[in-house]
Amino acid sequence: MDFNVSPAALNEAARKFRKQLLIMAILGIGETLKHMTLRTGIRYEEVVGELSGGVELEPYTGTLNETGGDVDIVGRTLATHLGQAIKLIEPKQLLTSLYGNAITSGKKIETTAINKTIIAMMMRSISNGLNKSIFNAVRNPAGHTTSTLYNGFDKIVADEITATLIAAGKGNYLEIAPITDSNAVDILKSIYHGSSDELQEKKTKLFIPRSVYNSYNEDYKATTGAIPYNTQFKKTFLEGTDDRVELVPLIGKAGSDHIQLTTKANMLVGTYLMGDYEKIEVRRGDNPFKLQFIATMFFGTQFESLSKEVFMNAKITV
C-alpha cells in the first residue's frame, strides 16, 4: 500500500496540527513539569518577581504622611531562547517502525494520521533533551544540543551564588556533606531544618538526584526496618515533615551537586506556544533520499524568587 509521505503532505500535517504538536513537546516533559509551573506566551523575556519590604497593618493613628519602610519589587527575568531542531528523516522507514504489520497486511490507515504521527514522534524526541537538561543546561549560542539552548536551574543557582544572592547570610544556602546510604535521612532532614520557618510551613518539593533518593530509601530502611508497622520502604515524602516535603528525583538532576527545597510555584518553565514565531516544517534537503525536519520553539527556566521564605539551596561539598 502506498502512503503519501511527501514533503507537501507532511508539511500540511505540520501546519494543520502545529500548535498541538508544539504542545506535545512540552507534554513530553510531563513527569518533570508536574513539579513545576509552566508559563506560556513568553517570547524572549518576561520580568517576574516579588515584593520586598512588605506591607503591614499597624495601629491606627490617623496620620497620612508617616513614612515606613520602602516597598520594592525584586525583579527576576524569565528568559526563553528560540531553539531549532534540524534532523534528516526517511519517512517510509519510520512508517515501518511505527505501523509494522498494519502496513504489510494492507490495513487501512488514514494518511493524515500517518503524517501527524511521524511529526509527533520527532516532537517527542525533542522532549527527551528538555527532560535531561532542565537543571544542567548552560546557555551557549554556539552549541548544538538542548543543554546549550538555555540556562537550567542549577546554572542559575551557580550564578546567583557567585552574585551572593544565594548565601548563608540570606538564609537560602547551606553546604552539606556527600550523601551516602548511611547518612541520607539525616542530611536531607538537615536541609529542611535549616530552611526558614515560613518555608517549613509550606508544601514544598525537594529536588534531588535519583542516586540521593536511592540512598535515602536505603538509609530509611536500615533505620526503621525493624518497626512492625513499617510495611514499605519506598518514601515519597521526607520523614518528619508531616508530608509537607515531597522527594522529587528527576532524570535532569543526575550528577548534580545542588539540592533545591522550594515550592512548585517558584519553579518556572517558560515557553511561547502562541504565535507564528515557532514552526514545524518538512522539506527536501541535500540528500535526495531523505527529508529535512525542522522545528523551532522557545524554552527557558527561572526561579520566581530566591527569598528564604520560598527557597533553599543546599550544595554537596567534598
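I began with helix α10 (residues 210-224), which lies across β6 (204-208) and β7 and runs at about 125° to β7. The model I am reading is a predicted one.

I then looked up the sheet to which these strands belong, and found five strands forming an open sheet of mixed pairing, in the order β5-β12-β8-β6-β7. At the edges stand β5 (173-176) and β7 (245-249), each with a single partner strand, so one side of each has no neighbour in the sheet. From one strand to the next, the twist averages 20°.

Next I followed β5 to its partner: strand β12 (residues 311-316) pairs with β5 in the parallel sense over four bridges, and isoleucine 176 has isoleucine 316 as its bridge partner in β12. Another helix, α7, lies across β5, β8 (258-262) and β12, and I noted that α7 runs at about 95° to β8.

I turned to the largest nonpolar core, which has 37 residues, and asked which members touch the most others: they are Met36, Met123, Ile134, Phe135, Phe153, Phe299 and Phe303. Among the elements that each supply at least two residues of this core are α6 (111-133), α7 (153-162) and β11 (291-303), and β11 gives the most, with six residues.

For phenylalanine 299 I listed contacts beyond four places in sequence, which include Ile26, His81, Leu130, Ile134, Tyr150 and Val269. Apart from this core lies another, of 23 residues, among them Ala184, Tyr213, Ala314 and Ile316.

Last, I checked the whole chain: the secondary structure comes to ten helices and twelve strands, and buried residues make up 43% of the 318 residues.

Methods. Residues numbered from 1 in each chain as written. Predicted model: local features only at pLDDT ≥ 70, side-chain atom pairs only at ≥ 80, totals over all residues. Heavy atoms only, no water. Core = buried A, V, L, I, M, F, W, Y, C linked by side-chain atoms within 4.5 Å. Buried < 20%, exposed > 50% of the residue type's maximum accessible area, 1.4 Å probe, protein only. Contact = heavy atoms within 4.5 Å. Pairing = 2+ DSSP bridges. Axes fitted to C-alpha atoms, helices over the stretch in contact; angles between N-to-C directions.
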